[in-house]
Amino acid sequence: VKLLDVQVRSELKRGLSHWHALARARALQRAKLRAGDCIRSLKWWHGLAVSNGRRRSTTDQACVLLRMSQIKDTLKWWASVGPRRRQAVLEDSAKEQVRQ
């Protein structure tokens, strides 16, 4: 009877250890999946931030080019008008500043 009791107990332990190992392996698998999800999410957010930064820098460059183009056009216009017209523009500009 004792021998049978020892055998049953060892069988139960082996069966339980199998289930414990399986549960640990599954928990580890779930943790790895969660970690993978977190890493994927972080990579996605990082990619989004990088693309937004690129978009902003492209927009900034476009704005600078537009301002440069406007300055260039203004200088061309300024060079094309005569001295009397320049003087009139300067006087109008001075009057406008005094009003403000």
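Arg9 has a relative accessible area of 46%, so Arg9 is partly exposed (buried is under 20% relative accessible area, exposed over 50%, and partly exposed in between, with a 1.4 Å probe and protein chains only). In this predicted model, local features need pLDDT of at least 70 and side-chain atom pairs count only at pLDDT 80 or more, while totals for chains, interfaces and linings use all residues. Residues are numbered from 1 along each chain as its sequence is written, and side-chain values use heavy atoms, leaving out hydrogens and water.

The side chain of Arg9 meets that of Asp5 in a salt bridge of 2.5 Å, N to O; the term stands for a side-chain nitrogen of Lys or Arg within 4 Å of a carboxyl oxygen of Asp or Glu. Asp5 is partly exposed, at 38% relative accessibility.

Another one joins Arg40 to Asp37, with the closest N and O atoms 2.3 Å apart. These two sit three residues apart in helix H1, again about one helical turn. Arg40 is exposed at 53%, whereas Asp37 is partly exposed at 39% relative accessibility.

Glu96 and Arg99 form a salt bridge too, their closest N and O atoms being 3.6 Å apart. Both lie in helix H2 (residues 83-99), three residues and about one turn of the helix apart. Here Glu96 is partly exposed at 37% and Arg99 is exposed at 63%.

## A nonpolar patch

Leu4, Val8 and Leu12 make a nonpolar surface patch of about 290 Å². For such a patch, nonpolar side chains (Val, Leu, Ile, Met, Phe, Trp, Tyr) are joined within 5 Å, using residues with over 30% relative accessible area and no salt bridge. Leu12 belongs to helix H1 (residues 2-80) and counts as exposed, at 52% relative accessibility.

## The whole chain

Let's step back to the overall fold. The protein chain has two helices and zero strands (DSSP runs, at least four residues of H or I for a helix and at least two of E for a strand). Its C-alpha trace spans about 125 × 30 × 5 Å along the principal axes. Of the 100 residues, 1% count as buried.

Note on methods
Patches are made of residues with over 30% relative accessible area and no salt bridge: like charges are joined within 9 Å, nonpolar side chains (Val, Leu, Ile, Met, Phe, Trp, Tyr) within 5 Å. Accessible areas come from the Shrake-Rupley method with a 1.4 Å probe; for residues, only the protein chains shown count as cover.
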